[in-house]
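Hello,

Here is the structure we spoke about handing over. My notes on it follow below.

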Amino acid sequence: MKDHALTLTVNGAAHRITVPARRSLADALREDCGLTGTHLGCEHGVCGACTVLVDGAPIRACLMLAVQAEGAEIRTVEGLASGGTLNPLQQAFTDHHALQCGFCTPGFLMLATAMLEENPAMEEAEMVDRLSANLCRCTGYTNILRAVQAVAAARR
Amino acid sequence: MSVFGQSVMRLEDAPLLRGEGAFAADIDFPRQIHMRVVRAEMAHARLVSVDVTPALDLPGVIAAWSAADVAEVPPIPFRATKVRGLEPYCQPILAQGRVRYVGEPVAVIFAEDAAVAEDAADLVLVELEELPALLDAAAEPTDFDATRNTEPTIVRKSYGELDAAFRDAHVVVALDLAIGRHSGVPMETRGAIARYDAAQDVLELHGTAKKQHWNRDEIARLLGRAPSSVHLFEGHVGGGFGVRGELYPEDLLVCLAALRLRRPVKWIEDRREHLVATNHSREQRHRIRAAVDAEGRILAIDNVFFHDQGAYIRTHGARVADMSAGLLLGPYRVPAYRATGHFRLTNKTPAATYRSPGRFEGSFVRERLMDAIAARCGLDRVEVRRRNFVDVSEMPYARPLDALGTDVVLDSGDYALLLDKALARFGWDARVADVARRRAAGESVGLGLGVFVEKSGLGPSDGVRMTVDATGAVELVTGAASVGQGVETALAQIAAAALGVDYRRVRVVRGRTDRIEFGSGAHASRVTVMSGSATHQAGLALAALAKQTAAALLQTPEDALEIVDGVVRRVDTPEGASVTLGEVARALAPGTKLSRDRATPGLTVESWFHSDHMAYPYGVHLAQVALDRGTGQVKVEHYLVGYDVGRAVNPMLVEGQIAGGFAQGLGGALYEEFRYDERGQPLSTTFADYLMPTIAEMPPLDILVTEDAPSPLNPIGVKGAGEGGTNAVGAAIASAVDDALGGRGQVTQLPIMPRDVLRFLAEGAA
Amino acid sequence: MKPAPFDWHAPTTLAEAASLLARLAPEDGRVLAGGQSLLPAMALRVARPPHLVDINRVAGLDVLAVEGGLLRIGAVVRHVAFEKPVAPGPLGALLAEVVRHIAHWPIRQRGTFCGSLCHADPAAEWPLVAVVLEAVMLAHSLRGDRRIAAVDFLRGLLDTALAPDELLRGVEIPLLPQDACWGFVEVSRRAGDFAQAMALVVLRLDAQGRIVTPRVGIGGVEAVPRRLAVVEAVLEGQTPSAALFAAAAEAAAGAVDPMEDAAYRRALTRTVTLRALHQACPA
């Protein structure tokens, strides 16, 4: 069971890490790259708290091995804001009270980032379908939808 | 305009949005090791032996313990029960002699790496001799141990002439109702990171929530330390909902290990563990009877219920059963009442409180009963409720009952008014007509309602310390805690309004035992009422001190001064001479002339709020559902929550609480259930099996927050807002589904499963 | 919930993958494609393969093309690829509809069509599609290629005809005729959950408006999805009508032998069959 030395490119920065094969991308981001904004809510691919973008695609970071992510462009919640300024989606989440405890928030932000990049003109039903990938236990979701819709409307 | 009552943005959000939160798993210390719990794989068995030696042989493993290694640590005690004699049913931190549920901690591993600890846990040899599992709390009790059976106590409450009422009744309505086992299931699992600072002889526990001070005191007692040498810290908490932050075996195990092994010890619960280890809730069966007169007025209620506590009694003691009995009657006038609550142990995960504990269950039971009374008496479902409401003129209304150790005195409320407002906002009458039209066209649609009284603001006391520093920044130190609901923002608003500063200048320190001597944490919708009132008082006292000091500095009478945006100035000449709060603080610094006149220097006050009674918010839930006649699936088409919170500190946060609470109620009404097979093996151990609502299950939700009945029990009139969104969801949806089925009273249990709906549809057609 | 330790092998050619499998299969080495079923099973330690042969870097396995009347789907083609039509005519549209029922969007980014077939979960959508559309599986090993009909490939609950050292390198699905009508209906507890019952119907109408070559498959109810010959017989040669579809749905309910919750699953079978028929062909 040998360790693997590899480089992860996260939010444009290279992280040289050495991990066993069983280390998930989520654990590698958290434990080896020090990026703890990606959260683990279930570790079996259902809750979506660990959603990150790999080459633009939203994926469950708990269901990808770190060794599989070498060479990919990885984006996490830590990459959204520019310095002290929240990006429009982050700002919309606070404006619309789309978070309470905030644990699921990074996953929703990354999921919504991918949605808006794919198609900002998405119908509401389509948005609901996409957002149903992630679980939130605090907000009842309504405000999350409003926040995403507000950003989508501004981008159209 | 005062910031109190405004929907201002939350102070909490920025780090959470940037991925800079500090949840339990985000906390690391140098040299830390990881704990893994070995859990029982049978529901009920004699524990013959535990052999940890194979685990110790694995490289990276530091220690492994079974019950014998922790024998000196007493079981986890109660913090909330008046019932005596429950101690023998407490949970030991590692199983001794028997295992009583799947998931019970049997051994622990400590290793350099979390994955290695898990590898090692697989190697521990646990020898069990299976015993019959008891899974039905309504079945005959069996033996808990050699001398005790599985009914630790019976909760009894009663008043009035019950027998006479049933004798004289026009009709007696009887129902047999059941609520399924489900729970809070926050998105963040539990975690505990203990560190022993030998240099200072202080034990620290991080990743805590909800009840830091009580937990600190008990950890200290159980481990034989002075409370002042143990400190608990709260970072971010990924949802609480009642289950997180109680004292669990794992909390004590990491503390003990940190002391013994002299290294920081980290434990992060995984999701499968969470679903079998963290408190379950809700499971009850009620056999309720009502004596009713010819006009549909209730004469008496007699309720026998069975509370499925699971395998052990945890920190709440018999509290949920106690609340079920004490708060069942909701908004109705009931001349005679008897509750008999069989508090029973079974071979399932121990149960305790979950958002609106005892009331989600009780509202389902009471409101099914009200629907049944309406049907039996040939009355409209809305009308039968109106006839039985406690009237606004009767407030405060004392019931001859107690709950949570305090007498039930409904402090204020106009139930009929809120019902009217809610029905109008929902468009009830138009929907009744629309439903009739759609039924005629062959659809199965229905309307339902649930009316309820919540409780909040459990006393007895809460204190805060509020200080302005030399820069004018305000620090509010509270013994309250945050489970993510916006405590910092709400308390900052109250503080800012009372003192006269921008709420963004108020830093709220919570969940830390090292900053304040006493605290009651965050539970039972108590923070805004109790800590909020203390904050309000502190803000006023601090304003008075600031004015008194500024009066000396400005050579102006105190009563000519006001504080606006952190500046003390004359009311009549706001542009004239003034001092900032920072300047006032500097004038009160130690050694200054002005500080010597006071007991303590600094612009600081401590204030305590005391309350002997709870504040009772109340609400109405209205639902419209459609049934899929081919699948039995229930679609909630529209939903309204009307809730009177006395006064809303921040309406946006109140609505957020209601929406989130509703989603959890929806889960308990239609989706979520911890199921077991006949041997007590849990079947809901992943998120593919324990079904929580996603956004796709959320109906259009309308929220009506009213402020018609401020609480007379506190200076800011508030009542708790945390639980009203959840309380009557089961009740209202059951009522609507039953209505869609033709109002036959077929819906008698939660969650309402599609297969049952399909069966009910077939029965109705037959 | 960390997986048990394993060695990770990342071949870049099919030959290399086959030899790795030949060597490691006897030690319970497994193929890793999308990993959206295998990795959760490993996190839960239900599966503990000591070796994973990761085929994501194997050249040529990402083929997704129409040739010779067949849609060819390589081993690492992700579910998400089907969200836009990948084949002309009804087949592309059918796959685009079905894929929306597979788990959730992020899972579809990694999970693969062929992986779903190898996993052979009875509640999964692609196995039903493969059976109804008469897909052919291409199994590869050091012994060469082997063609297996979907109906023979899916042997039971989580059980396929694939040998331990074989790799499902691809699947071929015959294109549907332009005039083929189809319907797909699934019932699950929540959006994105596994199916409790699903029906896929494909049929054509002749010049007289009569049903010809109906294919009716049910998934999620029995251990393996399958076509129901008795239902197809009810439909063959008949003119579509509400009564005919009701009779066909009733026949479907009677024909299945549910793994659990029999009465309810039969009722769902009736419902999904009826709805899929109406979707395929307005009566």
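**Chain B: domains**

In this predicted model, the C-alpha centres of domain 1 and domain 2 of chain B are 36 Å apart. The domain assignment puts residues 25-131 + 189-237 + 244-277 of chain B in domain 1, residues 284-457 + 613-765 in domain 2 and residues 458-610 in domain 3.

B:Leu131 sits in the loop that runs between strand S6 (125-130) and strand S7 (153-159) of chain B. There are 17 other C-beta atoms within 10 Å of B:Leu131, so this residue is classed as partly exposed; the class lies between buried, at 20 or more such atoms, and exposed, at 12 or fewer. Apart from neighbours within four places in sequence, B:Leu131 has contacts with B:His44, B:Ala45 and B:Arg46. For a distance across the chain, take B:Leu131 and B:Arg596: these two are 465 residues apart along the chain, and their C-alpha atoms are separated by 72 Å.

**Chain B against chains A and C**

For the complex, the predictor reports an ipTM of 0.98 and a pTM of 0.98.

Contacts between chain B and chain A involve 42 residues of chain B and 43 residues of chain A. On the chain B side, helix H1 (13-17) and helix H16 (651-671) each supply at least two residues. H16(B) gives the most, with six residues. By class, the chain B side that touches chain A has 22 nonpolar, 12 polar and eight charged residues.

Contacts between chain B and chain C involve 16 residues of chain B and 14 residues of chain C. The elements of chain B that give two or more residues to this side are helix H3 (114-121), helix H7 (271-277) and helix H19 (754-765). The largest share, four residues, comes from H3(B). Here the chain B residues divide into six nonpolar, three polar and seven charged.

**Chain A**

Chain A has five helices and five strands, and along the sequence they follow the pattern β-β-α-β-β-β-α-α-α-α. Its radius of gyration is 15 Å, close to the 15 Å that the globule rule gives for 156 residues, so chain A is as compact as a globular protein of that length. The C-alpha trace of chain A spans about 50 × 30 × 25 Å along its principal axes. Of its 156 residues, 62% count as buried. Among the contacts in chain A with a separation of 6 or more, 58% are between residues 24 or more positions apart.

**Chain C**

Chain C has an average pLDDT of 97, and 100% of its residues score at least 70. It is divided into domain 1 (7-54), domain 2 (64-174) and domain 3 (183-280). The C-alpha centres of domain 1 and domain 3 of chain C lie 36 Å apart.

Two helices of chain C were examined for how their buried residues are placed. An α-helix has 3.6 residues a turn, so residues three or four places apart point the same way.

In helix H1 (residues 14-24) of chain C, the buried residues are C:Ala17, C:Ala18, C:Leu20, C:Leu21 and C:Leu24. These residues cover an arc of only 165° around the axis, which puts them on the same side of H1(C). The elements of chain C that they pack against are strand S1 (7-9), strand S3 (51-54), strand S6 (136-141) and S10.

In helix H3 (residues 90-99) of chain C, the buried residues are C:Leu91, C:Leu94, C:Leu95, C:Val98 and C:Val99. The arc that they cover around the axis is only 125°, which puts them on the same side of H3(C). The cover over the buried residues of H3(C) includes strand S5 (70-74), helix H4 (105-110), helix H6 (125-132), strand S10 (167-174) and strand S11 (181-187) of chain C.

Regards

Key
Residues are numbered from 1 along each chain as its sequence is written. Chains are lettered from A and ligands numbered from 1 in the order in which they are written. This is a predicted model: local features need pLDDT of at least 70, side-chain atom pairs count only at pLDDT 80 or more; totals for chains, interfaces and linings use all residues. Domain bounds come from an automatic or database domain assignment. Two residues are in contact if their C-beta atoms, placed from the backbone, lie within 7 Å. pLDDT is the predictor's confidence in each residue, from 0 to 100. The radius of gyration is taken over C-alpha atoms; the globule rule is 2.2 Å times the number of residues to the power 0.38. The arc is that of the directions from the helix axis to the C-beta atoms. Ala, Val, Leu, Ile, Met, Phe, Trp, Tyr, Cys and Pro count as nonpolar, Asp, Glu, Lys and Arg as charged, and the others, Gly among them, as polar.
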